[in-house]
Every structure is written in C-alpha cells, then in structure tokens.
Amino acid sequence: MIPQLNHSPGQTDITRKFLQQLPLQGFTGDIGQQYADRLSMATDNSIYQNLPDAILFPKTVADIVLIVQLAAQEAFNALTFTPRGGGTGTNGQSLNNGIVVDLSRHMNAILEFNAKEGWVRVEAGVVKDQLNAWLKPQGFFFAPELSTSNRATIGGMVNTDASGQGSLVYGKTSNHVLGTRAVLLNGEVIDTAPLSSEQAVLKGEGASREATIYREVMSSCLDNRELIEQKFPKLNRFLTGYDLRHVYAHDEQRFDLTRILCGAEGSLAFIAEVKLNVLPLPKVRQLINIKYDSFDSALRNAPFLVEANALSVETVDSTVLNLAREDIVWHSVSELITDVDGQTMQGINLVEFAGNDLEQVEQQVAALCRKLDDLCNAQQAGVIGYQCCGELDQVERIYAMRKKAVGLLGNAKGRAKPIPFVEDTAVPPEHLADYITEFRAILDSHQLSYGMFGHVDAGVLHVRPALDMTLPEQHQLMLTISDQVAALTRRYGGLLWGEHGKGYRSAYSEDFFGPELYHQLRRIKTAFDPGNRLNPGKICQPLDSNSPLLAIDSPTRGSFDRQIPVSVRESWRGAMDCNGNGLCFNFDVNSPMCPSMKVTRDRVHSPKGRATLVREWLRLLSEHNIDPDSIDSGQGLSLRALSQKVKNSWRAHQGDYDFSHEVKESMNGCLACKACATQCPIKINVPEFRARFLELYHTRYLRPVSDHIVANIEPLLPVMAKAPRFINFFLTKPWVNQLSRRYVGMIDLPPLSYPTLRTQLVGHPATTTTLADLQSMTEAQREKYVVVVQDPFTSFYEANLVHDLIQLISRLGYKPVLLPFVPNGKPQQVKGFLKRFARTAQKSADLLNQVAALNLPLVGTDPALVLCYRDEYKLLGNRRGEFNVQLAHEWLSKAVLTSSLHIQTQGEWYLFAHCTEVTALPSSTQQWKEIFARYGATLHSINAGCCGMAGTYGHEASNSENSRQIFTLSWQPQLADKPKDRCLATGFSCRSQVKRFGGGKIKHPLQALLQILN
Ligand SMILES: Cc1cc2nc3c(=O)[nH]c(=O)nc-3n(C[C@H](O)[C@H](O)[C@H](O)COP(=O)(O)OP(=O)(O)OC[C@H]3O[C@@H](n4cnc5c(N)ncnc54)[C@H](O)[C@@H]3O)c2cc1C
Ligand code: SF4
Ligand code: SF4
C-alpha cells in the first residue's frame, strides 16, 4: 500500500495570519493555500520551479486594494506579492515564493467599447483571443499577436510587452495601450494616460506615491536622455523593464507613465484594467507558403519577401515542420503545405499580405508569385515551390499550426527535452542568417539537438535546445550556453530577451545597460516599490536593497525531478513530460481542451495541474523510498489490508492530512475525456496516469460505492436487462434518485431500453448467425457479412440505435451479424481497476481476434468504447492481437461508395461529434459530411466542446453541478438555435446529456442516414 504523505511545505506564520485577516477586511476573492494550489502556480513554461506561499484570486479592483492595504500594516511588511495572468511566461516571470495574485480567474470582463474612437477597456485577466472573439462581430481586433493568444492575458501581455507575428506593421502591446488602472503597493489606485509635459509636472506635485513616481520618472528620463538613446536598442522589439526611451515623445512635449508599466513584469504595480487601442479588421488576408531546400535558404530569402511589402514573414525549419506533421494540428494544414515531388522541404516562409482592398492585395500576391516562379524555374534562392491561401479560414489554420509550433518544440522523444532559456533572441534582421549560423555552431559544439523558427522580419529567433535538466552536468551546460548566447547576441547588436521578457534572466541586465542606466532602472523600482515587495528578484532591486536578483542558476523543475528514480520517471512519463506551456488553459468554450479547467477556472483541475501534482506525488513517494510500480494493488483483498483501509479511510474522514488526497481531489474532477491526450503538444494523457494513480490510492483508502457500481456496470447490465420494466419502475422514481444520490453517490441513472435489443431482434438473421456459422463459411460466402460489436451503453440503454445500425447495414446490401455482448472494460479502466480491466480486455480481445481472423469488418457505435480498443487495450501488449473495430462512419465511408443506392434528398443536419472522437480522429466529421453528401444531405459539423457527461462522470452526484455547467458552456447555446430533430450526436454520453439538460432526444447520425435512405 502507498504510504501516507503527511508532510507538505508549510506556510510562514505571517502568511497564515495575513490570510486569516484578509476575508475579515472584506476581501471577496478566493484564497488558495492548499499544497496543490501552490504547486499549480510554482511553474510556468520556463525551466524553473518556485513554490509560492499562497495564491489570491481577487474579484475586483477593491480586492486588490484590500490586499495591499492590509500588506502595508507593519506586521505584514515581510510579505511579497507577484501578479500572475495566464502563467505562460517562458522565463519564470510570474514565479516567486511569496504570495501570488492571480488576476486571470475572476478579473476577466470586457468593460467598455468605443467603436468610434477605436478603443476597448478590459480587466487585466481577459485572454487575448477572448477579446478578439468579442471584438470580431464589431469589425475590430486587438492587433499585437502572440503564440499563446488562447491563454495569455492582457495583464501578462502588457507586463511582458508581448508581440509576435505581424509586429513590423502592428507593433508590440505597448504600442496599443492607451492607459491603465494600476494599484500601487500603498493602496493608491492610479489611472495612467498620455499627458502634456506640463500636466505631468503638475502630477508630480504633492506627497502621494503617485506624485513621487511622476517626479522620479520625469527626472530619470530627462536627465539621462542621451544615455537612454544610446543604450536602448533600435530593434523592432523592445525589452522588458523599464521603457525609459518612450516615456517622453521625441519632442519631450508628451509624457506617458503607461510606457513604464508596459514590460514591468509585475515588478512595479498591479495592472487591474487596461484601455486598448483596437483596429478595424482587415477585410482581406492572403498567405503564401513558400517552400525551401534548406532552413538557411528560407532565412536568407526573408529580406526579399519583406521588401515585397508583406505584413509579416515567418520562418519554420524542418524539425518543427516534422513535429507538426506528427501532431493533430497537421490534419488541418496538410493540404495547404504539400510536399514537393522529388524534393525535401527543409524550411518554409509564411508570407502574409493584408488590407481592405482585394484588388491591391491580389496584385501584391500575384507580383510575389511571379518572382517566386522565376526563382523556382532558375533553381535560385533554394525556393522549391509555394502555395497560396486565399481563404481566411486557411490563413487561420496555418497560423494555428504556427502558434502551436513553440509548444511542439517542447515535444521530443528521449530524456533530453527542448527547453526555453535562449529561445527569443533578437538581432537586426539583416544579420539574422549569419547570427543563426554562429548560434548553431554553439549548439552543435555541445552536440545538442534543436528546432528553430522565427519572426524573420523582426530578426527574432525561437530555438529550444534539448537538455536533460535532471542531470547536473546538463544544468551546468544550460548556464554555459546561456552565457555564450548572451555574448553572441550582444556582439550582433541584439537582445537576449527579444520577445518573452527577462524573468530569471534579469541577471544579464546590468551588463547590458551599464551601471549608470541600470542605476536609473533601480531608481524607477524604488519610486514604485521601495520595499522590494512586488515580484522581487526580477528586473532590478530598489536602490537601498541588497537582496540579489533571482539567478539563472535557481532551482529548476529538473532539480526536483532528479529526486525521482529514473525508472519511475520513465514509467510515468505521461505526467513527467508536461512542460507547462499552458495550451490546456485554452479559454475557448467550443474547444475540447479541457472541460474541467474551463468550468472551474482552477489550474489544479487542468492537465498541467494534474501532471504537476502527480510529479510531486512521485517525488514524495521517492522520499519514502517507494517505487509505485512495485506496489501490489491486489493486496487490498486480504482481511488485514481491508481493516487497515477502513482505519485509514476513517482517519482521512477525520481530516488526517495526506497529499494523496489533494491529488485524488484533482483527479476526481477529470472527465477522462482524453482531449489532453491529443490536443496537448506533448500529448499529456491524464486519464492514463489518473487510472494508475487511482489504483494505487485505493491500496490505502476504501473506494466509494459508486466506483464499484461503475466498474461492475458491464456485467450487471445484461442481468438487469432481463427485467427492464421492473428495474425502470425504480430508476424513474424521484425518491430512488434521492436515495441513490445520498447512499450510492450516483444520480439521474437512465432507464433501460424497453423493448430490449434481444426482443427487437428476435429471429433476425443478425442474431441467429453465430460465430461458428461464420467460421464454417468459405471466404466468398462471408463476403457481405458485417459484424456489429456491442457496447454496454448503446445495447442496454439505446437498443434502438443498435437495431437501426443493423437495419442500415442491411439497407446498404450487407449482412449484419450481432456479436454477443462482452464487456469492453472501459468503465473499469476509468476508475483505475487496472488489473480487472486487463482481464476484461483480454477476454474481449480474444473474441474480437477470432472475428478479425475471418477478415470481416467489425463495427461499433460508441466512440469512447471503440477507441478504447485502440488505445487503452495497448496495455495488453502483443496479447492484444491485430483486430480493428471501426466506428460506423469509418465502415460507412467505404460501404456507401460500393452501395448501388442513389437517393437524392434535401435537408440540413447538424453534427455534434463526441469530443474523444474529434480529438483522436480529426477527420471523422469530414467523413460523416461526405457520407451524407452522397445522399444529397448537408451535414454541418458543430464546434462544441465537451458535453459534460463523459461516461459516468455526469451521473456521479459530486460532479453533477460541474457536469451541468460544462453543458451550458458550449452545447446548450449551440443547440438552442437549431431544430432538435436535425441535431445529431455520435456519443451515447452526449445524447444522454442532451436528454437530461437539453430537453429532448437527439439521434446518432447513422439513424438520420437510415431515415434518409428510407
Ligand atoms: C508556447 C509559448 C509561446 C509563446 N509565444 C510568445 C509570442 O509569440 N510572443 C510573446 O510576446 N510571448 C510569447 N510567449 C510568452 C508569454 O506567453 C507571454 O509573455 C505572455 O504575454 C504572458 O502572458 P500571461 O498572461 O501568461 O502572463 P504571466 O506569465 O502570468 O505573467 C507574465 C508577467 O506579467 C506579470 N503580470 C501578469 N499579469 C499582471 C497584472 N495584471 N499586473 C501586473 N503584472 C502582471 C507577471 O508578474 C509576470 O511578470 C510564449 C510562451 C509560450 C509558453
Ligand atoms: S498538459 Fe500539455 S498543454 Fe498543458 S501545460 Fe502541460 S504540456 Fe502544456
Ligand atoms: S481527460 Fe479531459 S478533463 Fe481530464 S485532464 Fe484531460 S482534457 Fe481535462
């Protein structure tokens, strides 16, 4: 049995007292102080790990004011605070050991919009894509771009002065910030906006902190104007902390304090609200994907493309291209970047033209295409081909792939993982190709592998060398390369921190600016934060502070992982490999990733949160010298073990601490929908390690009754189906539902099908033909047979659907045979009864292999269960065999082509595909569309996230509220404006959920097809 992990790093007394006081002062936000909460904020996408003491989630500006006012009391002087947004920094900007203040959970409202003047006012926690989705119908957009746009917040963007693709035209975040509402550490709330220099002088009068700040910033900028001009880079990119160069306009007549706050990395003030300049959406966007024989050719060709007046030029190398090819994202772009016959594509440039005049943009594209044809024909500049994307949807798909590329760079096989520490250098674009040659030489001299891409138009290079940070010598190598690249970049007149900010790399700052200017930066810090209490250790210290900056050599995630034995790390790679890029925080309610995160807005309930907790759990087990893989999960069957479990569970009930409970809590919230397993760039498969964790957790603690019910549902259903009306009599009674909620922990259990499948198919050849019959036939006799594989949910709760599948198969001229029901095992797997699951799976695989040996198609209906044969059954190794159960659409795609029926029908249908299916089989909706199209029917695929049911998750009483809320996020609004009888869902869970909360029954697409054919 696993040991009790009763020790977690404690909080300081002063933090505890502060957190006790805060609600008494009227703080309305959330407070996170469990170890799990703190761990979920201990990392970002950087290599570092730093455990905060507590997390605060304010709901209003007043909440932030309360925090700082209480903190101003002498008793709390030692406390420090670090603002946090999406936590997607690559340099540890939002990591610190004091109190983290997360503005992303609650402060995410769009407050005011003025189309005439072209601005919007938002709370700092608004996500960039959330804002643009809101602005799109108004015809506007917030222009600065960044790869993490679906999870990075405006507060984070302002504080890192984020920028990316299109920066030559659209600039950086700071170019679009018209003003901020900021909370200073003494509780003053200030509004910043551009002022005349006279107004700024007036602002600087008085004794307030704001006045001091104005005086100090004015003096620092004016007194050091020459030095500032000389030292600040003239690149397209700014650098974070602090923009002394742009506070005054060139003529010194305008002053804007906002420019100091932009890029401050949370070290000066809390940005609570931001007023942003927004631009009209360009009406036309076109992209040319140019293919090259080498990455170097692509880089060297970039200036030629910029000269063609392109909006942006982005370069991607072959390593990144190949990573994208292996990811689900490739599915959406494969036809837009096809291979060139007889050539190997080693790099591409993505060149965008945009504007409001279609003719003009088309002329620009045509002109460049002519030049590219010439280069191709003359075999010059390494150009081997190109493709144009004229549709907005195509342009967006290419950029979605490009945005995922940084995340994909983190995905590599083996123990060395591509890591960010020199990943965003910027040099003058004209020197980029030579600079990269030298950069590569450094990496090659250490025999490192790496992938590269960049905003070549701006001279920014993204590269993540692969290192195994659990090895002390590789940690040392990271430090060496860091120094070498810093020196190289300086030699080229560039920046080490060209795009993603300084964070733990602030240490290079003094060397870059020189002592005089660095002194001015410290002066600014002193004016805002004399006590060094805001994100200490980043950018610089106040003048009279001796506390050091956080070192490049600070504790990394690798230094914690190192404490876990290699064999355990290898075995639990699924959890160990998460690199924290945060794609699983995707704000978009219509995307499948990750329903539990979306509904709770709690990072503990994200794939990253779950992976982080399991990593720490493995580390704590290692401290106890426990190898989780050596624990016998079967020992719980002995009487002694059982009584021990009863004791442990009782103690847990009494509040006895065990870190495993925190991990369990996080796992309980997971729907096992598996979106993470395909959508995450690293393919973090939470359900896989969740099942293993649950099995081990219950070696120590009793399982709830509902677990046993779920695990036994498959063998129970055939028995219950013998008396469906009797069972339904009880299942449909409200008092049974109440009792079940209270004592079993399950609710809204659906009634069994009546008439049962057996009754419906009595005497049908599909049930009278046996496996032995099939085996005794010749191959020619078997030719038209199709074997229907039952699953527990469809066969016993939706018998009509199986019946309809059999009808459809017959209607298409084939001979259906219903394979006797054998449990699939998925419910056992989900609940972590892994030993039992292996036995169930083996039995089922043995039967399916017998059919497969006859070369007959096997067809099932429910995506979650059919896909279980493909994925979870891998646990059987070679004993799984080669059988393949197809989903209805996979078989139909081939069958309708050979069918002689030519029916023409009218009508529109709406397909809500199961989230596990769309993520694992991204072409499934397209295949359904094509099947419907053959019969003249139009099928629209609806982008909806998870329905909130996910097997039995939605029936568990503890999840019922979240299940309902997940449904209302995306499914409910998508269903609301469509005729219910035209809405189709492939998942049994989804149809049940619609029946439960959507007020009606919807069909499986195969039933609609049968209707069309009939
Ligand atoms: C895969 C990947 C790709 C990326 N691509 C890009 C890119 O193309 N361009 C780019 O510029 N960056 C990029 N980044 C870096 C990162 O996404 C940006 O720096 C982003 O702006 C951070 O936003 P966030 O909300 O996640 O902020 P966080 O990481 O939470 O915080 C960043 C900094 O801002 C401060 N902060 C956050 N909110 C506030 C607030 N309300 N008040 C005061 N301070 C605050 C924090 O203290 C911290 O110092 C990438 C990161 C990853 C992981
Ligand atoms: S789970 Fe995947 S998407 Fe989420 S942070 Fe980890 S690696 Fe990124
Ligand atoms: S399985 Fe689904 S709910 Fe669970 S972590 Fe992955 S995406 Fe989130």
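Analyst: A residue is called buried when its relative accessible area is under 20%, exposed when it is over 50%, and partly exposed in between, with a 1.4 Å probe and protein chains only. By that criterion, 62% of the 1014 residues of the chain count as buried. The model is predicted: local features require pLDDT of at least 70 and side-chain atom pairs pLDDT 80 or more, while totals for chains, interfaces and linings use all residues. Residues are numbered from 1 along each chain as written, chains are lettered from A and ligands numbered from 1 in written order, and side-chain values use heavy atoms, without hydrogens or water.

The chain as a whole is the setting for both ligand sites. Its C-alpha atoms fill a box of roughly 95 × 75 × 55 Å along the principal axes. The chain holds 47 helices and 29 strands, both taken as DSSP runs numbered from the N terminus (H or I, at least four residues, for helices; E, at least two, for strands).

The site of ligand 3 comes next. The ligand is surrounded by 13 residues, where a residue counts as near if one of its heavy atoms lies within 4 Å. The closest are Cys594, Arg610, Cys670, Cys673 and Cys676. Two or more residues of this shell come from each of helix 24 (607-623), helix 27 (675-679) and helix 28 (686-700). By class, the shell comprises 10 nonpolar, 1 polar and 2 charged residues; here Ala, Val, Leu, Ile, Met, Phe, Trp, Tyr, Cys and Pro are nonpolar, Asp, Glu, Lys and Arg are charged, and the others, Gly among them, are polar.

The backbone at this site deserves attention. Most residues other than glycine have a negative phi, and most peptide bonds are trans. Cys594, one of the residues closest to ligand 3, is joined to Met593 by a cis peptide bond with omega about -25°. Cys594 belongs to the loop between helix 22 (573-576) and helix 23 (595-600). Ala672, which is not a glycine, has a positive phi of about 55°. Ala672 occupies the loop between helix 26 (659-668) and helix 27, and its relative accessibility of 10% is why it counts as buried.

Ligand 2 also has 13 residues around it, the closest being Cys578, Asn581, Gly582, Cys584 and Cys680. The shell of ligand 2 divides into 8 nonpolar, 4 polar and 1 charged residues.

Two further backbone features lie in other loops. Tyr754 and Pro755 are connected by a cis peptide bond with omega about 0°, and Pro755 is in the loop between helix 31 (734-744) and helix 32 (757-760). Asn309 has a positive phi near 65° and is placed in the loop between helix 11 (295-307) and strand 15 (312-317). Asn309 is exposed because its relative accessible area is 58%.

Asn532 lies in the loop between helix 19 (515-528) and helix 20 (557-561) and is buried, at 8% relative accessibility. From Asn532 to Arg601, 69 residues apart in sequence, the C-alpha separation is 30 Å.

Asp37 and Lys784 are 747 residues apart along the chain, with 58 Å between their C-alpha atoms.

Pro820 is exposed, with a relative accessible area of 56%, and lies in the loop between strand 24 (815-818) and helix 38 (826-830). The C-alpha atoms of Pro820 and Thr767 are 8.4 Å apart, although 53 residues separate them along the chain.
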